[in-house]
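Here are some exercises to work through with the model open beside you. Try each task before you read its solution.

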Amino acid sequence: MPQREGKGNEEEEEETRDWTALPVDALLAVLGRLDGVDILMGAGHVCRPWRRVTREEPELWRRVVMRRRAGLAYEVDLQAAARAAVRRSAGRCEAFLAEDTAGAGLGYDENFFLFLADVAPMLKSLRLISCNRVDPHMINQTIRKFPLLEELELSLYHKGSIDDCLDGVSEACPLMTRLRLNHDRFYYFRPILIGGCECKSAEIARMHGLRSLQLFANSISNEELAAILRGCQQLESLDIRHCFNVLMDDEMWSRCATVNTLRLPEDSMEDYDLQYDSPVRDSVYYSDAMY
């Protein structure tokens with residue numbers, strides 16, 4: 001009686017599969033699931049065909065994600081890696097995310113953001129997380145050079161005031177639809193040493209096409225939030241978790257009635273994707289030791 005083909009044959013076929021012969025489209029789909037660091041330091045060195053794709057296919061670099069995640073050596077130069085990734089996009093990069101959560105090692109400086117503004121004119125999404133080596137005025141200059149920008153994130157930023165980062169952005173980036181401005185902790189008042197006082201509510205209110213807004217742990221007031229809601233009448237999603245200066249009275253509920261997805265100051269943090277600390281909800285003395 002002939003033997004039936006079983007699991008052993010499937011495993012043998014898997015072992016003999018030639019991964020170097022993957023079609024370019026399939027390989028782009030596989031590599032597109034990786035962060036830029038993983039491609040540059042790992043997948044791009046697997047074999048000659050893979051290396052050729054990572055160097056010669058700008059499509060792979062339309063979305064560039066550069067994270068200093070746990071386990072990545074401090075001596076890894078994220079800035080150099082990001083430059084290489086953006087160059088390989090050949091001017092087609094549409095989304096760039098920089099995250100430097102380690103707080104040490106070689107991160108992003110002002111020269112990199114000048115470079116990014118020059119070589120990524122098609123950028124539609126800019127997300128900067130823990131990029132605390134860069135002056136707010138430089139961040140502002142960079143943002144304003146991307147007229148096609150639709151998404152902006154400035155999270156866990158302590159170098160200076162987010163107000164200065166946003167100055168004039170509503171006019172320079174008229175297509176903005178998504179904005180995230182997130183601190184790591186709510187303070188009853190926010191000392192200038194830990195990131196300025198408020199979000200720039202008047203500037204946000206002029207982003208009339210805004211559809212999604214997240215302001216985590218911001219000291220925004222009812223009056224400022226009302227101004228934003230008056231100016232951003234297409235807003236569909238509003239997240240003000242840990243914004244404990246906002247009082248949800250009858251007037252504020254009425255203003256938020258047209259918002260489809262509303263997250264309130266006391267709502268659960270279960271799905272929040274950034275680090276945060278317990279709020280400081282009383283007016284207390286802040287010593288230099290806190291910083």
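**Exercise 1. A pair of helices**

Within what distance do the axes of helix α5 and helix α6 come, and at roughly what angle do they cross? Then say how the two helices run relative to each other, and which residues meet.

*Solution.* Keep in mind that this is a predicted model.

Step 1. Find α5 at residues 78–88 and α6 at residues 110–119; their axes come within 11 Å and cross at roughly 5°.

Step 2. Angles under 35 degrees count as roughly parallel. α5 and α6 are therefore roughly parallel to each other.

Step 3. Now look at the side chains. From α5, the residues Gln 79, Ala 82, Arg 83, Val 86 and Arg 87 meet Asn 111, Phe 112, Phe 115, Leu 116 and Val 119 of α6. This contact is made up of six nonpolar, two polar and two charged residues.

**Exercise 2. The surroundings of α6**

Which residues of α6 are buried, and what do they pack against?

*Solution.* Step 1. The buried residues in α6 are Phe 112, Phe 113, Phe 115, Leu 116 and Ala 117.

Step 1. Their packing partners are α5, β2 (95–99), β3 (125–129) and α7 (136–143).

Step 2. Go to the start of the helix. There, a side-chain oxygen of Asp 109 comes to within 3.1 Å of the backbone nitrogen of Asn 111.

**Exercise 3. On to α7**

*Solution.* Step 1. Six of the eight residues of α7 are buried, so the helix is mostly covered.

Step 1. The buried ones are Pro 136, Met 138, Ile 139, Asn 140, Thr 142 and Ile 143.

Step 2. Their cover includes α6, β3, β4, α8 (162–166) and α9 (169–172).

Step 3. At the start of α7, a side-chain oxygen of Asp 135 reaches to within 2.7 Å of the backbone nitrogen of His 137.

**Exercise 4. Positive phi, and a proline**

What are the phi values of Ser 130 and His 242, and where do these residues lie? Which residues does Pro 265 contact beyond four places in sequence?

*Solution.* Step 1. Most residues other than glycine have a negative phi. Ser 130 has a positive phi near 60°, and His 242 has a positive phi of about 65°.

Step 1. Ser 130 lies in the loop between β3 and α7 and is buried, with a relative accessible area of 12%. His 242 lies in the loop between β7 (237–239) and α12 (250–255) and counts as buried at 9% relative accessibility.

Step 2. Pro 265 lies in the segment after β8 (261–263) and is buried, with a relative accessible area of 7%. Beyond four places in sequence, Pro 265 is in contact with Ile 240, Arg 241, His 242, Cys 243, Phe 244 and Val 246.

Step 3. Take the C-alpha distance from Pro 265 to Ala 217: 8.4 Å in space, for residues 48 apart in sequence.

**Exercise 5. Confidence and the whole chain**

What pLDDT does the chain average, and where does pLDDT stay under 50?

*Solution.* Step 1. The average pLDDT is 82, and 74% of the residues score at least 70.

Step 1. pLDDT stays under 50 over residues 191–198, where the model has 25 contacts beyond four places in sequence. It also stays under 50 over residues 285–291, with ten such contacts.

Step 2. Finish with the overall picture. The chain has twelve helices and eight strands, and 45% of its 291 residues count as buried.

Methods
Residues numbered from 1 in each chain as written. Predicted model: local features only at pLDDT ≥ 70, side-chain atom pairs only at ≥ 80, totals over all residues. Heavy atoms only, no water. Axes fitted to C-alpha atoms, helices over the stretch in contact; angles between N-to-C directions. Helix = DSSP H or I, 4+ residues; strand = E, 2+ residues; numbered from the N terminus. Parallel < 35°, antiparallel > 145°, perpendicular 65-115°, else oblique. Contact = heavy atoms within 4.5 Å. Nonpolar A, V, L, I, M, F, W, Y, C, P; charged D, E, K, R; others polar. Buried < 20%, exposed > 50% of the residue type's maximum accessible area, 1.4 Å probe, protein only. Polar contact = N/O pair within 3.5 Å; in protein donor to acceptor, adjacent residues only side chain to side chain. pLDDT = per-residue confidence, 0-100.
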